Structure formats: C-alpha cells, structure tokens
Amino acid sequence: MNRYICVHGHFYQPPRENPWLEVVERQDAAYPFHDWNARITSECYTPNARARTLDDEGRITQVVNNYARLSFNVGPTLLAWMQEAEPDTYEAILNADRRSAERFGGHGSAMAQVFNHVIMPLQSQRDQRTQIRWGITDFRFRFGRDPEGMWLAETAVDDDTLDLLAEEGIAFTVLSPYQAEATRAIGAERWRDVTGGHVDPTMPYRVSLPSGRDITVFFYDGPISQAVAFEGLLDSAEVFEQRLLDGFNGRDEPQLVNIATDGESYGHHHKNGEMALAATLQRVMSRDDVKLTNYGEFLSLHPPTHEAKVVQRSSWSCAHGVERWRSDCGCADGGGRHQRWRAPLREALDWLHDELDERFDRQGRELFTDPWAARDDYHHVVLHRHDHLGGFLEQHATHELTAAERRTALSLLEMQRYALLMYTSCGWFFEELSRPEGTQVLMYAARALQLARELATSDGGEPEDLEPAFLQLLAEAESNEPQFGDGRAIYEQLVRPAIADLEQVGAHVAISSLSWSYGAENRIGAFEVVRDDDELREAGRAKMAFGRLAVRSVITEAETAIEYGVFHLGDHNFLCGVRPHGEDEAYVALRDELEHHFELADWPGVIRTIDEHLGAQRYSLRDLFRDEQRRILDGVLATAVDEAESTYRMIYRARAPLMRFLTELRATVPPQLRAAAEVVINAELRNALSSANLDPQRISALFEDAERFDIVLDTDGLAHTFRETVERLARRIATEIAADDDLFATFDDDNHAGVQRVMSVLEAAETVTFEADLAPAQDVVWHTLRDHGEELARRASEGDEVATEWRDTLIEIAEALSVVPPSVAAQPQVAEPSSPPTPERP
C-alpha cells in the first residue's frame, strides 16, 4: 500500500479554572451550559466519542468513536477538567488511543502537547523544557505510554524548540506547510526553496538540528485543512472524501495525505461535523486503494527520505510569525480594533516572570538540591497531590522539611506553576485584553503575585510587593474598551475582586452556611474546611450565624483558624466579619452579645457587634465565589420570581381566551398580554420538559400557544432542559441494564412503565419546535441491541415469548429513534450527514 490518509484534530480549550479554587466557575456567555468547557464538550468532544453514521434513509447504522480513527491531541489542562467533569468522555478518549494502537500497528493516535499552550519560541529555554516535560508527564499519566509526537501550541516553532523536543525523546511534530522553508532529498547538496506553502505535504521530513539531534516533521495539507475549517467541506462526506483523495500527487513513492485543524471544527464550529467526519472516515476505510493511518504508524513504515528547514519563529495562525503574541500585527478577528495592548502585556509578564524566577531560585536553593529540577518534576505532585508529595520531597529536598518549610516549598512551586500558566497563548490571541482569555492570564499573574508576597513575608525580611510595579507596566496596555482604558484598570476591576485568601474562604463558608447545610468537614474547591462550632438563629426573614472553623489549602498546606459572625437581613443584604481564632472568653463574649441583640430584633446592634468584634474587614455576597454567589442569589430571587410568575399566570389564564379570539380575527395582541404569555409559556415549558413523566399533549399545546401568540421562546434553554431529561432517562436505563444480568428474563409492569416513559419522550420530541437532541437515548438503544440483540433474537426464534416481547419493543424504539439495529444493519451505505436523524412518531 502506497497511499495513506491521516486526519489530525487539535482538541483544546484554554485553562479556565479560578486560580484560587482550582475549579471552573459559571460563565454566563456559555448559557445554557455552566461554562464553555461544558458547552463545547456537549457540542464536540462527547459527540466525537459516539459519532453516528447514517444510511441513505438518514437512519443511524453505527455509533463510532472518531478518536480511535483520528490522529489527535487533547490539551492537558482540558483533560484534567474532563477527568472530573465528564468522566465518560474522558475514558472514551483514553480508550480510543488503546484501540487505535491495535488498528495502526501498535502506534496510538494520541499526541502529547506542550503543557499549557504557550508560544514556545517566545519562552525561555528553561520554561520550554518544563512545558515539554510536564506535557510528557501528563501524557504518560493519562495514556499509560510514552508519546511519539508532540503538538506545539499554534504550531509555533524554531530550531531551539525542535531541539528540546528531540532531546526529550519526541519523534515528530506537525506543522503548517507555510512553515517549511526549504527541502532536499537526504544526501543531496542543493536545497529547494518551498516558502509560501509550496512544500510537498505527502511525505515526512527530517529536520537536522544544531545539537546534532534530528526530529521528523509532517507538514499538513494546507488547502484541504483550510476547506475543513472555513470552507464548508464538512457539509458533504462524499466531497470531503474526494478532496482527501485529490491530495495525492503523481509520485510512485508512499504518500500520506494528512490534514490538521482545530478539533472543535467537528461539532462545535460546524454542527454535526462529527457525523461528517465519521462518514468520511468510514468511506475511506471501505476503500481498498488507500489506508487510514496515523503519523506514528506511517513514520515506522516509511521513514523520511527528505529533509527540511523550518521557518524560524513561525506559526499556523499568524502570517507574521509569532507577532500575534507580542505585537499589534493585525492578526485578530477584531472588527477594526487595535491590539496595541499585546506588547505591554508581554513586557509586564516578562518583568514579573524574571522577578519570580529570581525569588524562586534564591529561596528554593534553601529547600531543594536543584529548584529547577524540582519544578520539572512537580507535575507529578499536581497529578497525585497526596500520593507523590512525600516521595517528591525525599528526592528533591535538601533535608527533611518542617511543616513550615513544606508550606514554603509548595508555595514556591505553585508560584512557578502560575508563572507558566500566565503565558497561555489565548491571552493574546483575540482582539481585546478584557476578554475572558486576557483576564484569565492576569488572574494567573495575580495568584503568582499573591504567593510571592506571602513568601516574602515568611522569609522574615521586609516584604516587597511586586504588584505596584507590575500594574505600572500594565497601565501601558491600551484597552479598546472605554470603561477600562488600560490593563491596570482591567486588573483592578476584573481581577482584584477575585483574589482570595484563607480568611475569605472562611467568610464564604460562613455566609453560605445561612442557606446551605455543611457537614463538619467540607471541601470548597482547593480548600478543606473543618467547622468546630456553629450556631444559626432565625427571626422571620432575618438570619444570624456565628462559629469557629479552620481552613486549609490542599495545594500549599497553608492553614488558618477563624471565628466569624454573619447576618442576613433579607434579599441580598449580607454582612460577615471574621477574626483569628482566639481565647474562649472572647468568643463567648461575641456569641452572647450577638444573641442578645438578635433576640431583641436589634439589627443595628447585631451589625455594630460584628463591626466591633470582628474587625474592619467586611464580607458580603459580593465576596463569595461565583457559583455559590449565584446559588444564593437564585434562592433570594426565587420568591420574587415565583410571585411575578404567579401574577403573570393569573393575567394569562384570565385573558388567554380573549388572546386566542384576537388571533383568530388577525388582530394585534396587546404587548402587555403578550409579555404575560411569554413569561408563563416559557416557565411552563421548562417545567413540562424537565418532568420525569412527560406529557406530550400538554407540551404540544404550549408550543401551539407560543406560535399562536408569536411568543419569543428561550429555545436554547428549553432544548438544554429537554436534553437533560433525555440524558437522565438514558443513564437510568443504561445503569439498570448494566446492573441486572437477568433484565431480559421477564417483562413485568415496571418494564412496561419504563418503555412508556421512553415512548413519551419520543412523542414529546415530535412536538417541540427546536431540534431535539436524542443522542443519549440513541446511544443506549444502539448499544443494547448490539450487545443483546442476537441473544434475544435466538431466544425469540426458539419460542421464548419474553424474549420476543423485548426484541420487538427494542426494535420499535430503535425505529422511532431512527436507529437501525446492529444485528439488522448489513454493510451500511454511508450517507451525507448534513442533518441529524429525525425520529419518526412511534
């Protein structure tokens, strides 16, 4: 076989974790999802783990894991989030690598990635090495093997970067054709200029490096990759397949047509893109004149016969090399906005980086035999916080550390971790610094600054605060947004309010304890909280609590104990004060005085007591971490929203007949009545679509009224609600099937009820006006028939009535879901995936 095809997907999201909590908080722009990671996982990463191929009637014939057929890399920070938040998809990706190794001659399809997507040519050599080593460590932890290839962020490259990759045992990387400068056959003398994308991308190239090492580079096919990402090639699997085949040239030698795009093209940027990809790969795999492969397998079969020089400091997403990440080069989808802020942002971070490095080296040498070797190994600790710390310190510490020294050592390493994270490339990629990506890198800088300040204090000298000088440099970063003006204002308005310390975590627990029942021991993100004493008092809408608790960081082991008092006067009016844990007598005095004023409903007295006993620092609802803040606000608003909905409901129900009469006369419904109808119909649809027992007739009637009265529906929110209902039902059924080996031995009343619930969901899906996502149900049915269909058919053929009823019921459900039972589907005719299957009414 001389013709091979490889499709690479670069799956990546910028790290979004709150640097103090180590969790991703709510992002309103991702509505109806909690955050962008969750939204893009739902639209892309999960669908690619269970992609559908269709027959010529639009019915599902296969559910396949695209990752097992692709070459791919997934960013380490995204995988870390996915491991906790989306474990099924995470496991599907890891399993795909194992399956791909079976398919591709022992070569898994997963590639590693430099750890947090920094622009490697712009980093110090020491930071480059850490990025590579952390990427390799993370890959080994997740995929259980050494990586053969490594993806470079934005494919940004120079010879020094390639040399470091080769030094760390990386065999190959993938670059844009525009990053090739010259090529020649190995052993030839004359180089051929291939700048401007004129390289032959159908072969691998050896790049010889100044150190004497070498590495293989694959240049992807630019025009085909561009067509996938931006020219609608995913609209047709047949056209996609043909474009791949057209990538071969007339050479007789082995050829590899390889493309590389952001993996988010397959489902997020292009709806149903994962289906187009699955269908295209299925078509390719069914051919006998080409072979689907990955880079590792092709390289093992066909080592480079040519060598190449790469364009220094170049990338795939900036025509000016790597200027997009340090200057106003014009590369941004900015609608005319400038990027003059880019250079000052990098200059400010470079200054901070050098200051942090000096402190790390100086303080670190008192604790580590080699601080930089300790940093390179630190990701092992990040991956195994409790299991590996002891062994890590035994290996790297200069002596057995005291508890205080351990805290200092961990704080130093965390300071360095955030010094690396603050260079995440996305901070410069877009048009404006105040976007979430730019704000995020400033958040990382703020956390590093905080740790540096705390370390200076613990060092015993006069603490030197780096923040003022950093902000002075940041003030040179000119924002496009008038409300900010510059980077310093962005930091002050968007970053500083998020900075948290142990005391604030204690205040967070104190305030939220008024509406949330905590146990004695609790985990709040990266903190452990132990409640020693707590009392709650209520009087009408007013609530008061006081107590003692301890807060400990599971990251740095820093800890504190506090006493608190918190008062809620109703609505959003919270007041909390905290102080260090003191003598019992002082705590009893605080308790008695608070109780005295509260029993008398002397609210000014309660507030005065908190002020006098618990210091000048006040905490309010504004100081809570975002998710808990929203939970409390939702509770505060619930009564007001219920009252408003009740009022609107009375208006709507009283006037609905009149409104229907007006629509029959083609008369205009007054906007006041339409507003009432909009609130009520959206609310009732949310309730109806989230019910465990769906009522299709009721849902249909609500949609009819919405259309009749020209109501604006919250389509995204309603679709999300219905999908969650489908997913809950599907998970319940899948769990029952997995847990009960004898599930198909009987068909009792509970089984009939379960089937009826499924049918109600399918009937409801026919009534909704949005595109119903039935993928979770389709998955369960397809896999159930795949795993149990043949056995049920055999039993049915032997006269087993229970098996016959189960078989017929599952096939009926499958047909309603537009699923061809795997035992029925012969070799499928792969059809165009331009639209998802539409279930027929059962």
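E771 is partly exposed, with a relative accessible area of 45%, where partly exposed denotes values between buried (under 20% relative accessible area) and exposed (over 50%), calculated with a 1.4 Å probe and protein chains only. The structure is a predicted model, in which local features need pLDDT of at least 70 and side-chain atom pairs count only at pLDDT 80 or more, whereas totals for chains, interfaces and linings use all residues. Residues are numbered from 1 along each chain as its sequence is written, and side-chain values use heavy atoms, with hydrogens and water left out.

The side chain of E771 meets that of K271 in a salt bridge with an N to O distance of 3.3 Å, a salt bridge being a side-chain nitrogen of Lys or Arg within 4 Å of a carboxyl oxygen of Asp or Glu. Because E771 lies in the loop between α25 and α26 (775-797) and K271 in the loop between β12 (255-262) and α8 (273-285), the pair ties together parts that are 500 residues apart in sequence; helices (H or I, at least four residues) and strands (E, at least two) are DSSP runs numbered from the N terminus. K271 counts as exposed, at 59% relative accessibility.

By this rule the count of salt bridges comes to 70. Among them, E684 pairs with R649, the closest N and O atoms being 3.3 Å apart. This pair links distant parts of the chain, with E684 in helix α22 and R649 in helix α21, 35 residues apart, and both E684 and R649 are buried. A salt bridge is also formed between R59 and E57, whose closest N and O atoms are 3.7 Å apart; here R59 is partly exposed at 35% relative accessibility, and E57 is exposed with a relative accessible area of 60%.

Aromatic pairs were identified where the ring centres of Phe, Tyr or Trp (its six-membered ring) lie within 6.5 Å, with planes under 30 degrees apart counted as stacked, over 60 as edge-to-face and the rest as tilted. The count by this rule comes to 27 aromatic pairs. The rings of F11 and Y45 have centres 6.0 Å apart and planes at 70 degrees, so the pair is edge-to-face. Because F11 lies in strand β1 (residues 3-11) and Y45 in helix α1 (residues 36-49), this pair ties together parts that are 34 residues apart in sequence. F11 counts as buried at 1% relative accessibility, and Y45 likewise counts as buried at 1%. For F744 and W806, the ring centres are 4.9 Å apart and the planes stand at 90 degrees, so that pair is edge-to-face. F744, in the loop between α24 (715-739) and α25 (749-767), and W806, in helix α27 (residues 801-816), are 62 residues apart, and their pair links distant parts of the chain. F744 is buried at 9% relative accessibility, and W806 is buried at 7%.

Surface patches were built from residues with over 30% relative accessible area and no salt bridge, like charges being joined within 9 Å and nonpolar side chains (Val, Leu, Ile, Met, Phe, Trp, Tyr) within 5 Å. Lys and Arg count as positive and Asp and Glu as negative, while His and the chain ends are not counted; the place of a charge is taken as NZ of Lys, CZ of Arg, CG of Asp or CD of Glu. A patch of negative charge on the surface gathers E347, D350, D354 and E476. E476 is found in the loop between α16 (467-474) and α17 (487-495) and is exposed, with a relative accessible area of 58%. A nonpolar surface patch is formed by L658, F661 and L665, which together have about 300 Å² of accessible area, as given by the Shrake-Rupley method with a 1.4 Å probe, only the protein chains shown counting as cover for residues. L665 is placed in the loop between α21 (626-664) and α22 (671-689) and is exposed at a relative accessible area of 53%.

Backbone geometry was also examined. Most residues other than glycine have a negative phi, and most peptide bonds are trans. A cis peptide bond joins Y31 and P32, with omega of about 10 degrees, and P32 is in the loop between β1 and α1. A601, although not a glycine, has a positive phi of about 55 degrees; A601 is found in the loop between α19 (584-599) and α20 (603-613).
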